[in-house]
Amino acid sequence: MRRRSSTLRWRIFSKCLVCGLLASCISASGASAAAQKVKIRAVTAFVQFDRNRAHLAEQFGDALATLQKAKNVFTSAGYEVQTIRITPQAFGVLTHGLSRNEILAFYSELADLAKKAGIPSAIGPAFLHAEDVDTKTVDIYAEVLAAHPELNGCLIVADENGVNWPAVHAAARVMKYLEEHTAHSQGNFQFAAAAEVADYFPFYPASYFVTPGKQFAVAIEGADIANEAFSHAKGDLETARKEFAKSLAEQTAAIGALGAQAKADTKWEFLGIDTSTAPLGNVSIAAAFESLLGGAPFGSAGTLSIASMITDVLHAQPRSAGSGYSGLMLPVLEDSRLAQRWGEGRLGIDQLLQYSAVCGTGLDTIPLPGDVSEDQLARIVGDVATLAAKLNKPLTARLLPIAGKKAGDKTELDSPFLQNTTLQPLR
């Protein structure tokens, strides 16, 4: 699972953040970065809870206080922090040997604590290895997610050993269950099939870790940086590349220095920044693409080249040497322009898989007709897992089949984080 290597890279980067070279970078770019600070999507803490529920409330409270202290460092510097989040050790590790009732009770209490605090929590993957996959655990896992919208989870469907086909089918089983057992079928927004995804991702739902805890990482809303940079490029790809790289370096240097300060204040290890170009609503990564395409819709000729350029810039950043996506994100239902292009039939699964070959997107928040079968879902997840294993890169599949809806129908999602669109037929 590359846990040791990814953690080591995080630690190396964390130490680099406080070096004199970084300080001089911040000094040189401070005025520009201060002019338009990128939003921080999440400050995510990785917390190892005792399996004994008697200690859960106290440990959760301590983690929450640490997160609030870290958040205050960023907000005091003028940054908007949209969410703080808690990721406990992976479900498959925490629940090993517990009974069904003990598992349900533990996560019910965790969800209650998260709800009262007004924050989401992850539960990580139900199992870490192919030989651990079993239907009983999968069904309990799906039941936990369906009952608690505050909780987010993932199943690992590919790792360094290749595609885990039992996990692929298990993920499809969970997706179908969440479609049928959650309001507006929105439970799948909190679940993903994760392929080649290492630990310590600050973005949800594919966030997990195994050991040791007492760390935190930052995720940014990087689509804002791309929009601003591309607006000055006048359609020129090389100019866009330079502007994007310059702005991204300035923003991450400033946030990284604050992360080092938060580390000193909290005494928790700062793991670094996930610089992914995450969109949200009208903060649209697709709109940034279209500004470079001369107004042509996302998916037109040239889209692949822009996707590759963005990925190259992200991977050239110091943070990109470690864990986390730090890649291009194309979540269809979280991006108003992507949702529009999907509804117009200009964008489909095959195109997104093609873009995934040059960037780190996979199939994210993809709306599907409710009559999609479990076998069809497994084939889609299998394609994502196969691509990730073949290219040795992290990809996820977050598929949202909508119960009672067919191709041509409009979705009726009521989440503030999701856009509505017209469902397209599976091809």
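Me: Which residues does Y107 touch, not counting residues up to four places away in sequence?
Reply: The model is predicted, with local features needing pLDDT of at least 70 and side-chain atom pairs pLDDT 80 or more, while totals for chains, interfaces and linings use all residues. Residues are numbered from 1 along each chain as its sequence is written, and side-chain values use heavy atoms, without hydrogens and water. Contact means heavy atoms within 4.5 Å. On that basis, Y107 touches F91, L94, T95, I123, V144, H148 and L151.

Me: Which members of the largest nonpolar core touch the most other members?
Reply: A nonpolar core is a set of buried Ala, Val, Leu, Ile, Met, Phe, Trp, Tyr and Cys residues joined through side-chain atoms within 4.5 Å. Buried means under 20% relative accessible area, exposed over 50%, and partly exposed in between (1.4 Å probe, protein chains only). Of 111 residues in this core, those touching the most other members are V43, Y107, F230, I285, I310 and L399.

Me: Is C154 buried or exposed?
Reply: The relative accessible area of C154 is 0%. C359, at 1% relative accessibility, counts as buried. C154 is likewise classed as buried.
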